[in-house]
Amino acid sequence: MAARVLLRCASANLTYTLTRLSCTNMLSPARMLGRSCFKRDLSMTPRFCTALKYTDKHEWVRVEDGIGTVGISNFAQEALGDVVYCSLPDVGAKLSQSDEFGALESVKAASELYSPLTGEVTEVNHALSENPGLVNKSCYKDGWLIKMTVSVPEELDALMDEAAYEKYVRSIED
Amino acid sequence: MSLGKTSVNVVNLGRIAYCNGLKIQEHYVRKHFDSSCQTPNTLLLCNHYPVYTIGIRRAHYPVEEEQRLKQLGADFFRTNRGGLITFHGPGQLVCYPILNLGYFKKSLRWYVCELERTVIKMCSKFGIKASTSPDTGVWVGNNKICAIGIHCSRYVTSHGLALNCNTDLSWFDNIVPCGIMGKGVTSLSQELGRDVTIEEATQVLLEAFSDHFNCTLTTAESSCDQAEQSLN
C-alpha cells in the first residue's frame with residue numbers, strides 16, 4: 001500500500017492523494033514526501049496539478065473519477081481581495097455550463113461565480129463558511145468551492161489548459 | 001486598446017424609490033451585453049426614500065429584523081451586493097457606476113479602492129480629511145461618511161456608494177451600520193457645521209470621479225427618459 005501510494009504521489013493528483021492520506025496516517029512516508037513538495041507553495045501554484053482546466057472567467061476545474069472539483073484561480077483571488085463570504089449552491093443543484101452558481105464577497109463587493117461545466121453539485125466546501133479566507137490562501141487546494149458531476153465531458157476540451165490560461169492572464173494584465 | 005479616455009454617461013435620476021433604482025441599474029447592466037450599444041459605461045446618480053438594504057450575507061438579518069425596521073417607517077431590501085446593512089434616504093447622494101471593468105482594470109479590489117479614493121479626494125475639496133480603514137468605506141475618524149457595496153458580474157459593476165450630505169443620521173441609530181460595532185456615521189453637513197446639499201456635493205464628486213477613473217463624463221439628455229422607460 002505504501003509503495004503504491006508513493007508512486008501515485010508523483011502523478012498529477014498529488015494534492016488530492018495527500019489530502020486523503022493525511023486523514024488516515026499522520027506519519028506516513030507519503031505525507032512526509034508531500035510536506036517537502038509544499039515548500040514550493042503548492043497551494044498557490046498548480047505545478048503538479050496538470051489536469052486543471054480553466055474558464056475565461058477564472059474558474060478552474062479538475063476532473064477525477066467522473067467528479068469535477070471547482071475553484072477560482074490565483075489571478076482571480078488576487079483581484080478580489082480578502083474573501084469574507086462564500087455564497088454557494090445546495091447539493092443537488094443542476095448547473096449548465098456558464099450558469100451563475102454563487103458569489104464570493106470581498107471588500108464589500110459580491111462577485112458572481114460561473115459553472116465551468118454542465119452537471120449536478122455533489123459536494124460543497126463547508127470549511128469556507130467558517131474560513132472563507134481559504135479561497136485566498138489555498139485557491140487550488142483547500143479553497144475549492146464545489147464538486148459536481150460531469151454530464152458533458154466534451155465541454156472540458158474547450159476549456160483552457162494551464163499554459164493557455166497563463167497566456168490569457170498575461171493578455172489581461174497588459 | 002483605446003487611445004482616448006473612456007467615456008462614461010452620467011444620468012441623474014433625482015429622488016427615486018429603491019426598487020426602481022434596482023430596475024434601472026439592471027437596464028444599464030444589460031446594455032453592456034448588448035453589442036449594438038456603443039457607450040454602455042454609465043454613472044447613475046440618485047437619492048432614495050428611506051430604506052434599509054442588506055447584501056448577500058442574509059443570515060445576519062432574519063425576518064424579525066426586517067419587520068422591526070419596516071415598522072420604523074422605512075422600506076427594506078435584500079440585494080445581491082457585498083457589504084452588510086446600511087441606510088439610504090433623503091440628503092444622501094447615491095452613486096451607481098455601471099461600468100465594465102474591462103475598460104479600466106479587471107480587479108474588484110482596484111475598483112473599490114478607486115471609489116474610496118474618489119470620495120476621499122472629494123471630501124478634501126470640502127476641507128474634510130477623510131480616510132480608508134480595514135473596513136471598506138470612507139471614514140472621518142471613527143465615523144463613516146460614505147458606504148460602499150458592489151455587485152460584479154462578468155466584469156460589469158452595479159450598486160456603488162452612498163455619501164451622506166445632509167442626511168438625517170438618526171436613521172442609522174436603528175442599525176449597526178455595515179455590521180461594524182463601536183463606530184459611528186457622519187455627513188458633509190455634520191463635519192462642516194453647515195448645510196451641504198446633494199446638489200452641491202454632486203459636481204465635486206463627478207470631478208473627482210473623472211480624475212481617478214481617467215474618464216470623460218458626458219450627460220445625455222435622453223438618458224433620463226431611457227431610464228424612466230426601463231421601469232415600464
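## A tour of chains A and B

Select strand S3 of chain B, residues 51-54: it pairs with S4(B) in the parallel sense, over four bridges. Strands are DSSP runs (E, at least two residues), helices likewise (H or I, at least four), numbered from the N terminus. Two strands count as paired if DSSP finds at least two bridges between them. This is a predicted model, where local features need pLDDT of at least 70, side-chain atom pairs count only at pLDDT 80 or more, and totals for chains, interfaces and linings use all residues. Residues are numbered from 1 along each chain as its sequence is written, chains are lettered from A and ligands numbered from 1 in the order in which they are written, and side-chain values use heavy atoms, without hydrogens and water.

**The sheet in chain B**

Pick Thr53(B); its bridge partner in S4(B) is Phe77(B). Now show the whole open sheet: three strands, order S4-S3-S5 of chain B, mixed pairing. Strand S4 (75-78) and strand S5 (86-88) of chain B are the edges, each pairing on one side only. From one strand to the next, the twist averages 25°.

H1 lies across S3, S4 and S5 of chain B, at about 30° to S4(B). Axes are lines fitted to C-alpha atoms, for helices over the stretch in contact (heavy atoms within 4.5 Å). Angles run from 0 to 180 degrees between N-to-C directions.

**The annotated stretch in chain A**

Select residues 67-149 of chain A, listed by UniProt as "domain: Lipoyl-binding" in an unreviewed entry. Such annotations may be inferred rather than shown by experiment. The stretch is 18% helix and 43% strand, with its end C-alpha atoms 5 Å apart.

Step to Gly66(A), in the loop between strand S2 (59-64) and strand S3 (67-72) of chain A. Gly66(A) counts as partly exposed because its relative accessibility is 44%; buried is under 20%, exposed over 50%, with a 1.4 Å probe and protein chains only. Leaving out residues up to four places away in sequence, Gly66(A) touches Met148(A), Thr149(A) and Val150(A).

**The cores**

Which residues touch the most other members of the largest nonpolar core? Among them are Leu104(A), Ile146(A) and Leu188(B), in a core of 76 residues. A nonpolar core joins buried Ala, Val, Leu, Ile, Met, Phe, Trp, Tyr and Cys residues through side-chain atoms within 4.5 Å. Finish with the second, separate core of 15 residues, including Leu13(B) and Val94(B).
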